Amino acid sequence: MAKFTALKPMIYTRELKETVAFYVNVLGFECAAFEESWGWASFVKDGVEIMACLPNEHIPFDAPLFTGSLYITTEDADALWQQWKDKCRVCYEIETFEYGMREFAIYDNNGYLLQFGQEINQ
């Protein structure tokens with residue numbers, strides 16, 4: 001069986017430039033690629049890559065909708081929380097959970113839920 005090599009979430013947006021600005025200017029990602037004529041962009045930070053695009057004609061799209069979240073692990077959830085808590089719409093504040101993660105959740109400019117978690121020693 002073929003080996004999987006990466007997972008790169010693709011989020012749909014009609015606000016491509018604004019999405020690039022949010023991920024770069026607020027969250028500190030680097031814009032690795034921006035192809036306005038394709039309606040596509042890619043942002044990277046450390047080992048994480050997220051892509052954004054305008055949906056093509058084969059995909060029904062009225063507004064951003066995703067029933068899950070993008071969960072990003074980090075080495076310092078508290079530092080990220082302090083950096084972003086006043087710059088983003090918060091879903092839930094930083095908290096230590098019984099399953100061994102210290103995490104918080106924010107929404108991006110499209111309303112997608114981004115969770116950031118750090119494994120803790122109990």
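Reply: Strand β1 (residues 10-12) supplies the largest share of the lining of the second largest pocket, namely three residues. The model is a predicted one, in which local features need pLDDT of at least 70 and side-chain atom pairs count only at pLDDT 80 or more, whereas totals for chains, interfaces and linings use all residues. Residues are numbered from 1 along each chain as its sequence is written, and side-chain values use heavy atoms, with hydrogens and water left out.

A pocket is an open set of points, on a 1 Å grid over the protein atoms alone, with protein on both sides within 12 Å along at least five of seven lines; a lining residue has an atom within 4 Å of a point. Strands (E, at least two residues) and helices (H or I, at least four) are DSSP runs numbered from the N terminus.

The second largest pocket holds about 180 Å³ of space, a volume being the space filled by probe spheres set on the grid points, which are joined across faces, edges and corners. Its lining includes Met10, Ile11 and Tyr12, together with Pro60, Phe61 and Tyr112, among others. By class, this lining has twelve nonpolar residues, no polar and no charged ones. Here Ala, Val, Leu, Ile, Met, Phe, Trp, Tyr, Cys and Pro count as nonpolar, Asp, Glu, Lys and Arg as charged, and the others, Gly among them, as polar.

The largest pocket has a volume of about 230 Å³. Of the 13 residues that line this pocket, Lys45, Asp46, Ile72, Thr73 and Thr74 are the closest to its centre. Two elements, β5 (70-73) and α2 (77-84), each give two or more residues to that lining. Its classes are seven nonpolar, three polar and three charged residues.

Asp46 also belongs to a hairpin: β3 and β4 have two residues between them, and Asp46 takes a positive phi near 55° there. Strand β3 runs antiparallel to β4 (residues 48-53), with six bridges joining them; strands count as paired if DSSP finds at least two bridges between them. Within this pair, Val44 has Glu49 in β4 as its bridge partner.

Strand β3 (residues 40-45) is also joined by five bridges to the antiparallel strand β2 (residues 30-35). Cys31 has Phe43 in β3 as its bridge partner. In the hairpin of β2 and β3, four residues lie between the strands, and Gly39 takes a positive phi near 70°.

Notes. On a 1 Å grid over the protein atoms alone, a cavity is a set of points where a 1.4 Å probe fits but cannot get out, and a pocket is an open set with protein on both sides within 12 Å along at least five of seven lines; lining residues have an atom within 4 Å of a point.
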